[in-house]
Amino acid sequence: MMEITYLSNSGFLVRDGRTLLLFDDYADPAHAVECALEQAYDRFYIFASHAHFDHFDAHIRAYADHVTQYIFSYDIRRTKRVRSFPQDAIAYMGTYSDWTDGYLHVTTFDSTDVGVSFLVETAEGRRIFHAGDFNWWHWEGDTHENQMLARNAFRKQMKKLEGMEAEIAFFPVDARMGNSWDMGIREFVRSTRLKGFVTMHNELGIASGQIWTPPEDFFEPGKELPFWTPKQAGETRIWDEGFRER
(Lines give C-alpha, C1' and ligand atoms only; values in the text may rest on other atoms or scores of the structure.)
Protein backbone atom coordinates (compact mmCIF):
# COMPACT_ATOMS: atom_id res chain seq x y z
CA MET A 1 0.00 0.00 0.00
CA MET A 2 0.99 3.62 -0.55
CA GLU A 3 -0.43 6.67 1.19
CA ILE A 4 -0.85 9.70 -1.08
CA THR A 5 -1.61 13.19 0.22
CA TYR A 6 -2.55 16.13 -1.97
CA LEU A 7 -0.76 19.38 -1.12
CA SER A 8 -1.68 21.94 -3.79
CA ASN A 9 -1.59 22.30 -7.59
CA SER A 10 0.84 19.53 -8.63
CA GLY A 11 2.17 18.87 -5.14
CA PHE A 12 1.86 15.42 -3.59
CA LEU A 13 3.42 13.53 -0.72
CA VAL A 14 3.73 9.77 -1.21
CA ARG A 15 4.54 7.45 1.70
CA ASP A 16 5.63 3.98 0.63
CA GLY A 17 6.44 2.07 3.81
CA ARG A 18 9.20 4.08 5.49
CA THR A 19 10.08 6.08 2.37
CA LEU A 20 8.69 9.57 1.70
CA LEU A 21 8.53 11.02 -1.81
CA LEU A 22 7.59 14.70 -2.11
CA PHE A 23 6.71 16.11 -5.54
CA ASP A 24 6.45 19.78 -6.60
CA ASP A 25 5.64 21.17 -3.18
CA TYR A 26 5.18 24.91 -3.59
CA ALA A 27 2.43 25.22 -0.95
CA ASP A 28 1.26 22.94 1.83
CA PRO A 29 -1.61 24.72 3.61
CA ALA A 30 -2.62 21.55 5.48
CA HIS A 31 0.96 21.08 6.83
CA ALA A 32 0.94 17.49 5.62
CA VAL A 33 4.72 17.31 5.22
CA GLU A 34 5.40 18.55 8.74
CA CYS A 35 3.02 15.91 10.08
CA ALA A 36 4.67 13.17 8.03
CA LEU A 37 8.13 14.10 9.30
CA GLU A 38 6.92 13.62 12.87
CA GLN A 39 6.38 9.93 12.07
CA ALA A 40 9.04 7.28 11.56
CA TYR A 41 10.70 7.19 8.15
CA ASP A 42 14.02 6.03 6.69
CA ARG A 43 14.34 8.04 3.47
CA PHE A 44 12.95 11.37 2.30
CA TYR A 45 13.30 12.47 -1.32
CA ILE A 46 12.12 15.84 -2.63
CA PHE A 47 11.43 16.35 -6.35
CA ALA A 48 10.85 19.58 -8.29
CA SER A 49 10.03 19.17 -11.97
CA HIS A 50 10.83 22.77 -12.99
CA ALA A 51 11.33 26.30 -11.72
CA HIS A 52 7.80 27.71 -12.15
CA PHE A 53 6.65 29.25 -8.85
CA ASP A 54 3.75 26.81 -8.53
CA HIS A 55 6.07 23.79 -8.70
CA PHE A 56 9.20 24.95 -6.87
CA ASP A 57 9.27 27.13 -3.76
CA ALA A 58 12.20 27.80 -1.44
CA HIS A 59 10.23 26.80 1.67
CA ILE A 60 11.33 23.20 1.05
CA ARG A 61 14.81 24.37 2.09
CA ALA A 62 13.46 24.02 5.63
CA TYR A 63 13.45 20.22 5.23
CA ALA A 64 17.21 20.04 4.58
CA ASP A 65 17.94 18.39 7.93
CA HIS A 66 15.50 15.58 7.08
CA VAL A 67 16.04 15.10 3.36
CA THR A 68 17.95 12.21 1.86
CA GLN A 69 18.21 13.90 -1.53
CA TYR A 70 16.76 16.84 -3.41
CA ILE A 71 16.15 15.87 -7.04
CA PHE A 72 15.62 18.97 -9.20
CA SER A 73 15.18 19.71 -12.87
CA TYR A 74 18.19 21.27 -14.57
CA ASP A 75 16.53 24.70 -14.98
CA ILE A 76 16.24 25.18 -11.20
CA ARG A 77 20.03 25.46 -10.98
CA ARG A 78 19.78 28.96 -12.54
CA THR A 79 17.30 30.36 -10.01
CA LYS A 80 18.11 32.61 -7.08
CA ARG A 81 15.76 30.56 -4.89
CA VAL A 82 18.01 27.51 -4.97
CA ARG A 83 21.13 29.31 -3.73
CA SER A 84 20.19 28.83 -0.08
CA PHE A 85 19.94 25.04 -0.47
CA PRO A 86 22.81 22.72 0.48
CA GLN A 87 24.22 22.10 -3.00
CA ASP A 88 25.79 18.77 -2.05
CA ALA A 89 22.29 17.45 -1.31
CA ILE A 90 20.92 18.30 -4.79
CA ALA A 91 20.93 16.13 -7.89
CA TYR A 92 20.14 18.28 -10.94
CA MET A 93 18.68 16.20 -13.76
CA GLY A 94 18.44 16.98 -17.45
CA THR A 95 16.01 15.40 -19.88
CA TYR A 96 16.41 11.68 -20.65
CA SER A 97 18.82 11.08 -17.80
CA ASP A 98 19.07 8.65 -14.90
CA TRP A 99 19.99 8.96 -11.24
CA THR A 100 20.21 6.32 -8.53
CA ASP A 101 21.47 5.93 -5.00
CA GLY A 102 21.07 2.17 -4.94
CA TYR A 103 17.57 2.38 -3.48
CA LEU A 104 15.74 4.84 -5.68
CA HIS A 105 16.09 4.95 -9.46
CA VAL A 106 14.90 8.06 -11.29
CA THR A 107 14.50 8.51 -15.05
CA THR A 108 13.55 11.84 -16.60
CA PHE A 109 11.60 12.65 -19.73
CA ASP A 110 11.07 15.95 -21.50
CA SER A 111 8.25 18.40 -20.85
CA THR A 112 6.05 20.26 -23.30
CA ASP A 113 6.51 23.36 -21.15
CA VAL A 114 9.60 23.68 -18.92
CA GLY A 115 11.80 21.19 -17.09
CA VAL A 116 11.27 17.45 -16.88
CA SER A 117 8.87 14.73 -15.87
CA PHE A 118 9.93 11.97 -13.48
CA LEU A 119 9.61 8.20 -13.50
CA VAL A 120 10.59 6.96 -10.04
CA GLU A 121 11.22 3.33 -9.16
CA THR A 122 11.91 2.13 -5.62
CA ALA A 123 13.91 -0.94 -4.62
CA GLU A 124 10.59 -2.64 -3.87
CA GLY A 125 9.56 -2.19 -7.51
CA ARG A 126 7.08 0.67 -7.13
CA ARG A 127 6.98 2.81 -10.28
CA ILE A 128 5.52 6.31 -10.01
CA PHE A 129 5.28 8.87 -12.82
CA HIS A 130 4.95 12.59 -12.13
CA ALA A 131 4.35 14.63 -15.27
CA GLY A 132 5.29 18.07 -13.95
CA ASP A 133 3.96 20.39 -16.67
CA PHE A 134 4.11 17.80 -19.43
CA ASN A 135 0.73 17.92 -21.14
CA TRP A 136 -1.03 18.55 -24.43
CA TRP A 137 -1.39 22.31 -23.95
CA HIS A 138 -4.17 22.96 -26.46
CA TRP A 139 -5.45 26.47 -25.74
CA GLU A 140 -8.82 27.31 -27.24
CA GLY A 141 -8.63 30.60 -29.13
CA ASP A 142 -4.92 30.19 -29.84
CA THR A 143 -3.65 30.28 -33.41
CA HIS A 144 -3.93 27.12 -35.47
CA GLU A 145 -0.14 27.15 -35.86
CA ASN A 146 0.43 27.19 -32.10
CA GLN A 147 -2.15 24.46 -31.57
CA MET A 148 -0.37 22.26 -34.11
CA LEU A 149 2.98 22.93 -32.47
CA ALA A 150 1.51 21.90 -29.12
CA ARG A 151 0.03 18.74 -30.59
CA ASN A 152 3.27 17.76 -32.31
CA ALA A 153 5.37 18.39 -29.20
CA PHE A 154 3.05 16.26 -27.10
CA ARG A 155 2.90 13.39 -29.55
CA LYS A 156 6.67 13.43 -30.04
CA GLN A 157 7.15 12.91 -26.32
CA MET A 158 4.41 10.30 -26.14
CA LYS A 159 6.37 8.16 -28.59
CA LYS A 160 9.06 7.89 -25.91
CA LEU A 161 6.50 7.18 -23.19
CA GLU A 162 4.41 4.67 -25.15
CA GLY A 163 4.09 1.40 -23.25
CA MET A 164 5.61 2.84 -20.08
CA GLU A 165 4.61 0.83 -17.01
CA ALA A 166 3.80 2.57 -13.74
CA GLU A 167 1.72 1.80 -10.70
CA ILE A 168 0.28 5.31 -10.59
CA ALA A 169 0.78 8.51 -12.58
CA PHE A 170 0.15 12.14 -11.66
CA PHE A 171 -0.96 14.13 -14.72
CA PRO A 172 -2.45 17.62 -15.36
CA VAL A 173 -6.10 18.23 -16.14
CA ASP A 174 -6.32 22.02 -16.36
CA ALA A 175 -9.72 23.72 -16.56
CA ARG A 176 -8.18 26.80 -18.22
CA MET A 177 -8.14 24.81 -21.47
CA GLY A 178 -11.92 24.54 -21.54
CA ASN A 179 -13.27 21.54 -23.43
CA SER A 180 -9.69 20.49 -24.26
CA TRP A 181 -8.68 20.02 -20.63
CA ASP A 182 -8.42 16.23 -20.78
CA MET A 183 -6.97 15.75 -24.28
CA GLY A 184 -3.52 15.05 -22.84
CA ILE A 185 -4.51 12.63 -20.12
CA ARG A 186 -6.81 10.74 -22.48
CA GLU A 187 -3.95 9.95 -24.85
CA PHE A 188 -1.49 9.38 -22.00
CA VAL A 189 -3.72 6.80 -20.31
CA ARG A 190 -4.35 4.98 -23.58
CA SER A 191 -0.67 4.88 -24.57
CA THR A 192 0.86 3.76 -21.26
CA ARG A 193 0.40 0.79 -18.94
CA LEU A 194 -0.87 2.21 -15.67
CA LYS A 195 -2.71 0.71 -12.74
CA GLY A 196 -4.22 4.05 -11.67
CA PHE A 197 -3.82 7.81 -12.07
CA VAL A 198 -4.26 11.08 -10.18
CA THR A 199 -5.15 14.42 -11.75
CA MET A 200 -3.18 17.62 -11.08
CA HIS A 201 -3.79 21.36 -11.71
CA ASN A 202 -7.28 20.98 -10.25
CA GLU A 203 -7.67 24.27 -8.32
CA LEU A 204 -9.18 26.52 -10.98
CA GLY A 205 -11.64 23.87 -12.07
CA ILE A 206 -12.77 23.17 -8.52
CA ALA A 207 -13.11 26.90 -7.78
CA SER A 208 -15.50 27.22 -10.73
CA GLY A 209 -17.36 24.01 -9.98
CA GLN A 210 -15.61 21.96 -12.67
CA ILE A 211 -14.52 18.68 -11.12
CA TRP A 212 -13.08 16.34 -13.70
CA THR A 213 -14.45 12.84 -14.06
CA PRO A 214 -13.79 10.60 -17.08
CA PRO A 215 -16.39 11.12 -19.81
CA GLU A 216 -18.24 8.07 -21.04
CA ASP A 217 -15.81 7.35 -23.88
CA PHE A 218 -12.62 8.10 -21.95
CA PHE A 219 -11.55 4.51 -21.31
CA GLU A 220 -11.27 1.91 -24.01
CA PRO A 221 -13.69 -0.99 -23.42
CA GLY A 222 -12.43 -3.26 -20.66
CA LYS A 223 -9.54 -0.94 -19.77
CA GLU A 224 -11.06 1.19 -17.03
CA LEU A 225 -8.60 2.41 -14.38
CA PRO A 226 -9.00 3.68 -10.82
CA PHE A 227 -8.52 7.45 -10.68
CA TRP A 228 -8.55 10.23 -8.11
CA THR A 229 -9.28 13.95 -8.58
CA PRO A 230 -8.24 15.67 -5.32
CA LYS A 231 -10.48 18.50 -4.19
CA GLN A 232 -8.80 20.07 -1.15
CA ALA A 233 -5.37 20.38 0.43
CA GLY A 234 -4.53 17.60 2.85
CA GLU A 235 -6.88 15.11 1.22
CA THR A 236 -5.38 11.61 1.45
CA ARG A 237 -5.96 8.32 -0.31
CA ILE A 238 -4.56 4.85 0.28
CA TRP A 239 -3.46 3.15 -2.92
CA ASP A 240 -3.87 -0.63 -2.93
CA GLU A 241 -4.83 -1.52 -6.50
CA GLY A 242 -7.40 1.27 -6.10
CA PHE A 243 -7.89 4.52 -4.19
CA ARG A 244 -9.67 4.48 -0.86
CA GLU A 245 -10.04 7.03 1.88
CA ARG A 246 -7.76 6.71 4.87
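The charged end of Lys 160 sits over the ring of Tyr 96, 5.0 Å from the ring centre. Arg 43 places its charged end over the ring of Tyr 103, 3.9 Å from the centre. A charge sits over a ring if NZ of Lys or CZ of Arg is within 6 Å of the ring centre and within 35 degrees of the ring normal.

This is a predicted model: local features need pLDDT of at least 70, side-chain atom pairs count only at pLDDT 80 or more, and totals for chains, interfaces and linings use all residues. Residues are numbered from 1 along each chain as its sequence is written, and side-chain values use heavy atoms, with hydrogens and water left out.

The structure holds 31 aromatic pairs. Rings of Phe, Tyr and Trp (its six-membered ring) pair if their centres lie within 6.5 Å; planes under 30 degrees apart count as stacked, over 60 as edge-to-face and the rest as tilted. Two pairs follow.

| Pair | Centre distance | Plane angle | Class |
|---|---|---|---|
| Phe 56 and Phe 72 | 5.2 Å | 65 degrees | edge-to-face |
| Phe 171 and Phe 188 | 4.6 Å | 25 degrees | stacked |

Phe 56 lies in the loop between strand E4 (43–48) and strand E5 (69–73), and Phe 72 lies in strand E5, so their pair ties together parts 16 residues apart in sequence. Phe 56 is buried (under 20% relative accessible area), at 0%. Phe 72 is buried too, at 0%.

Phe 171 sits in strand E11 (residues 165–172) and Phe 188 in helix H3 (residues 183–191), 17 residues apart. Both Phe 171 and Phe 188 are buried. Helices (H or I, at least four residues) and strands (E, at least two) are DSSP runs, numbered from the N terminus.

One aromatic cluster includes Tyr 6, Phe 118, Trp 228 and Trp 239.

Terms used. Buried means under 20% relative accessible area, exposed over 50%, partly exposed in between (1.4 Å probe, protein chains only).
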